[in-house]
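Please look at the sequence and the 3D structure together before reading on.

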Amino acid sequence: MLRALSGLTTRGRCLLAAGIAAAVCSFVLDERDLLRVAIFVVALPLLVAAFISATRLRIGATRALRPQRVAVGGNGEVQLELWRSGRLPAGEILLEDGVPYALGSRPRFVVERLPHDRRVALRYPLQPVLRGIQQVGPLRATITDPFGLCEFERELIGHSRLVVVPRVVALWGLPSGAGIGVGDDGTVRLHAGQGEADVIVRQYRQGDDLRKVHWRSTARRDEIMVRVEERPWRGGTTVLLDHRAAAHHGSGPAASLEWAVSFAASAALHLRRSGHRVRLVTEHGVTLADTPGEGGDHYDHVVLDALAALQPAHQRDITLAGDPAEGQELIAVLGTVSTEAVHELTQYRPRGIRSLAVLLDTPTWSAGVTAPEQRAAATEDSAALLRAAGWGVIVAGPGSPMPQVWAELCRSGARRGTLIGGPR
């Protein structure tokens with residue numbers, strides 16, 4: 001009974017208080033008719049509370065996200081189904097589903113009569129504006145009676161997971177002379193080494209290929225040794241994403257970090273679909289995704305899901321313990337980089353391997369500047385240092401179209417291809 005009374009509204013509590021007051025007056029005035037009225041007034045909210053309390057236990061719901069993975073700027077939909085079991089009729093039901101601000105407005109539905117023999121289907125749209133792992137829910141139902149005397153709130157469904165992946169922009173073309181994937185022109189071979197370190201060597205046997213002689217082991221053991229297994233050099237491209245919070249400006253969907261994530265996703269998927277093996281790493285060399293140059297949409301989801309869950313890093317500067325690209329070509333998407341950060345990026349890069357960078361002019365993201373002549377001096381200094389180290393560099397601002405930036409990066413890579421192997 002106490003649980004039922006807790007659901008009384010202000011109107012119901014006032015009616016209950018009025019009935020008790022009328023009952024007291026009937027005893028004082030010795031009026032039996034007034035006592036009958038008082039009993040009816042007191043019994044009405046109590047009966048309604050007991051009825052609603054029994055009804056709320058017989059309501060169920062399901063939620064389905066269509067689809068469960070949505071790109072920023074895309075459209076999704078949530079499908080709800082509501083039903084009740086038992087013979088007791090349900091009163092008015094107010095439904096409210098929890099939706100983060102990044103997915104759109106919070107929906108509300110009012111179901112006046114919930115039928116017994118069928119399910120009520122409801123739906124509402126989702127329009128995500130910010131990537132991330134979002135939680136939809138919980139779905140809460142507020143059940144009231146037609147007189148507004150009593151209401152109960154109940155959680156029907158918990159949270160549902162929605163993956164909002166970064167926006168992917170269609171790109172065209174590849175840096176010429178890459179020699180790393182099917183369909184490249186191969187005018188400049190960027191890796192001419194003999195492969196990675198040998199795994200096993202053994203004594204020479206008659207008939208073995210003399211090209212497999214391992215001369216270092218032969219000189220050390222004073223007998224001819226050949227390679228049993230040699231792991232070939234694995235060509236490909238590494239996309240490095242600088243996601244330090246201190247390296248980016250702006251907030252929300254218009255932040256420079258979101259531009260960088262979207263460009264990295266577009267470049268990685270474009271290269272993979274062109275037949276390249278693609279590694280996606282952070283500015284500290286941590287691998288986010290490693291996809292082969294073949295396969296279906298599964299590998300695209302690997303890249304997109306990794307970027308959807310990526311949060312800004314709190315490190316102030318770039319620190320590396322080796323070549324982040326592991327001997328592959330490197331395309332770096334960088335925020336604000338200091339002189340020390342440029343040194344970290346360049347000191348481990350082998351000669352003869354292409355290194356390209358998209359350097360974001362991050363101060364313009366907060367200042368609203370788009371003109372190239374108004375770029376920050378620090379950005380130009382960083383670009384000059386990278387170019388001096390042999391990198392192809394493109395500076396991008398908030399108004400830079402990604403296809404144009406990629407096209408300029410490809411041309412920059414072609415120009416740098418003629419200098420590969422030269423002094424740095």
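## A patch on the surface

A patch is made of residues with over 30% relative accessible area and no salt bridge, where like charges are joined within 9 Å and nonpolar side chains (Val, Leu, Ile, Met, Phe, Trp, Tyr) within 5 Å. Accessible areas come from the Shrake-Rupley method with a 1.4 Å probe, and for residues only the protein chains shown count as cover. The salt bridge mentioned here is a side-chain nitrogen of Lys or Arg within 4 Å of a carboxyl oxygen of Asp or Glu.

The model is predicted, so local features need pLDDT of at least 70 and side-chain atom pairs count only at pLDDT 80 or more, while totals for chains, interfaces and linings use all residues. Residues are numbered from 1 along each chain as its sequence is written, and side-chain values use heavy atoms, with hydrogens and water left out.

On the surface, I20, V24, V28 and L29 form a nonpolar patch, and together they have about 400 Å² of accessible area. One of these residues, V28, has its place in helix α2, which covers residues 10-29; helices (H or I, at least four residues) and strands (E, at least two) are DSSP runs, numbered from the N terminus. V28 counts as exposed because its relative accessibility is 65%, given that buried means under 20% relative accessible area, exposed over 50%, and partly exposed in between (1.4 Å probe, protein chains only).

## Cysteines

A disulfide is a covalent bond between the sulfur atoms of two cysteines, and here the term is applied to a pair of cysteine sulfur atoms within 2.5 Å. The structure holds zero disulfides. C25 counts as partly exposed, at 37% relative accessibility, whereas C150 is buried, at 0%.

## An open sheet

Strands of a sheet pair through backbone hydrogen bonds, either parallel or antiparallel, and two strands are taken as paired if DSSP finds at least two bridges between them. In this model, six strands form an open sheet with mixed pairing, in the order β15-β14-β13-β16-β17-β18. The strands at the edges are β15 (287-291) and β18 (392-396), and each has a single partner strand, so one side of each is left without a neighbour in the sheet.

Within the sheet, strand β13 (residues 237-241) and strand β16 (residues 329-334) run parallel and are joined by five bridges. L240 stands opposite A332 in β16.

## Charged pairs

Side chains of opposite charge can pair when their charged atoms come close. A search of the whole structure finds 18 salt bridges. One of them joins R36 to D33, with the closest N and O atoms 2.5 Å apart. Both R36 and D33 lie in helix α3 (residues 32-55), three residues apart, which is about one turn of the helix. R36 counts as exposed at 55% relative accessibility, and D33 also counts as exposed, at 52%.

Where in the chain do the partners R277 and D290 lie? Their side chains meet in a salt bridge (2.7 Å, N to O), and the pair links distant parts of the chain, with R277 in the loop between α5 (256-273) and β14 (278-282) and D290 in strand β15, 13 residues apart. R277 is buried, with a relative accessible area of 17%, while D290 is partly exposed, with 38%. Finally, E96, R106 and R108 are linked in a network of salt bridges.
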